[in-house]
Amino acid sequence: MSLLQRLDRLPLSAPHYFLLFIGGLGYTFDGMDIAIIAFLMPAVHAVWGLSSAELGLVGSATPIGVLFGALMAGYLGDRIGRKSVMCWALAIYCVMTIFAAIAPNYPSFLIARVLAGVGVGAESVIIAPYLSEFIPPKKRGWFIGALAGFFSFGFVGAALIGRFIVPSFDEGWRWAQVMTALPILMLLWWRRSLPESPRFLLNRGRVKEAEQVIATLEKKVERSTGRPLPAIPFSTAAAEVETRSAPLGFLQSVGMMFTASMRKQTIVIWLIWFVVTFCYYGFFAWIPSLLIAKGFTITKSFEFSIIIYIAQIPGYFSAALLSDRLDRKHTIALYLIGGAISAWFLSQSASHVSIITSAAVLSFFLNGAYAGLYAYTPESFPTAIRATGCGFASAFGRIGSIMAPTIIGVFSASLGFAGVFTMTTTILLAGVLIVVIFGATTKGKSLEKINAVSESPIEPQTSTH
């Protein structure tokens, strides 16, 4: 009897939603930490008399940390376990954010922000593959898309803190960071009680531990639903690969992503991450400044930014609902098309009403694309390198987040408001073509079936390093 068939036939119920809540809270604080820096920058600029270059480094500190955190967490998640990395990522984020809040000078603040970004990057990479390994195929797209939707709550929370806390106290920028860090202590306590991924355990040959996790989950589901568990589906397919003799080394993990059977999907995932992240961070980094350039006051710019952030919420959750109906690749394409159209309308907007409306709609579609992408990415890699694949894809996207503010800043000076969003439209349409033409279909398939041809012929290393 296949343990994974036992796991995949379980109906979504309270134990799954508990995982969603715990993982989602992590994403909420990740989003809050990423977004809050835009509201801290004016305050730290005044406190330490920073130059434009130094202030630019503050803006880049978190994305740089996120990039390295994503790379490290992916590989470590495949090597030492999803749960361990999730807990360490939270701890690093919490401690470094507190250090940033009490930083006595600019250099220590900058270093703390980079290291907090490492925790954020590790956290954001590991949660989606971890949860995807618990969820039945028919509901996985909705579930992981909804998980990503918790980012939007963090962005809205950051906007509210930035609007009402930061300017209200002499050192409001310090208290804002404390507010984003302290709740993590409770979340870290809760997360310690979570089980390790049974797919990871099976991949390491720890069959008894995996069976115990699945048996415990079965009991919780049966108790929660009050009904007998569904029958285990009969399958004439070949037995699933459930064990490995040893973890892959770093170079072998990277090499596996570019074997003949996986190369195309790896490149597709990387490019879509770059497209969405470039447009997303370019848009959200510059929209307050661009609104001011169009005649809004600073106060109005921040207030309208809250509206634009709120538009993220229905974007994420509508895409989550569509992911299991349209397939992940088609959901991503649909929301990229919506983003391209709204970016074009934004480039043509002249009145304040049309600018805010188009910007909110663009926010809706960009975040919907992210919801589909967060569901799509873990499905695209086999268990042995699932977290590594997610980490590298996210890190490649982060290159876009680092490049976008500078590139859009340069183009906004020469091309203006219209030129910036015409460029955004073009990039998003390129993403549509890539995912539709070259992306693989994953709807309703088990993780093992999706990656059946991708199981590596590479012999895993027996040494540790």
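Biologist: How do α14 and α15 lie to each other?
Modeller: This is a predicted model, where local features need pLDDT of at least 70, side-chain atom pairs count only at pLDDT 80 or more, and totals for chains, interfaces and linings use all residues. The axes of α14 (residues 312–326) and α15 (residues 328–348) cross at roughly 140 degrees; axes are lines fitted to C-alpha atoms, for helices over the stretch in contact, with angles from 0 to 180 degrees between N-to-C directions. Under 35 degrees counts as roughly parallel, over 145 as roughly antiparallel, 65 to 115 as roughly perpendicular, and the rest as oblique. The two helices are therefore oblique.

Biologist: Within what distance do the axes of α14 and α15 come?
Modeller: Two packed helices are described by the angle between their axes and the distance between the axes. For α14 and α15, the axes come within 7 Å.

Biologist: What is phi of Asp327 near?
Modeller: Residues are numbered from 1 along each chain as its sequence is written, side-chain values use heavy atoms, and hydrogens and water are left out. Asp327 sits in the loop between α14 and α15. Its phi is positive, in a residue other than glycine, and lies near 85 degrees.

Biologist: Is Asp327 buried or exposed?
Modeller: Buried means under 20% relative accessible area, exposed over 50%, partly exposed in between (1.4 Å probe, protein chains only). Asp327 has a relative accessible area of 2%, so the residue is buried.

Biologist: Which residues does Thr277 touch, not counting those up to four places away in sequence?
Modeller: Thr277 lies in helix α12, residues 263–293. Its relative accessible area is 0%, so Thr277 is buried. Its partners are Gly282, Tyr370, Gly397, Arg398 and Ser401.

Biologist: How many disulfides does a search of the whole structure find?
Modeller: Cys87 is buried at 15%, and Cys390 is buried at 6%. A disulfide is taken as a pair of cysteine sulfur atoms within 2.5 Å. The search count is 0.

Biologist: How many helices and strands does the protein chain have?
Modeller: Helices (H or I, at least four residues) and strands (E, at least two) are DSSP runs, numbered from the N terminus. The count is 18 helices and 0 strands.

Definitions and conventions: Contact means heavy atoms within 4.5 Å.
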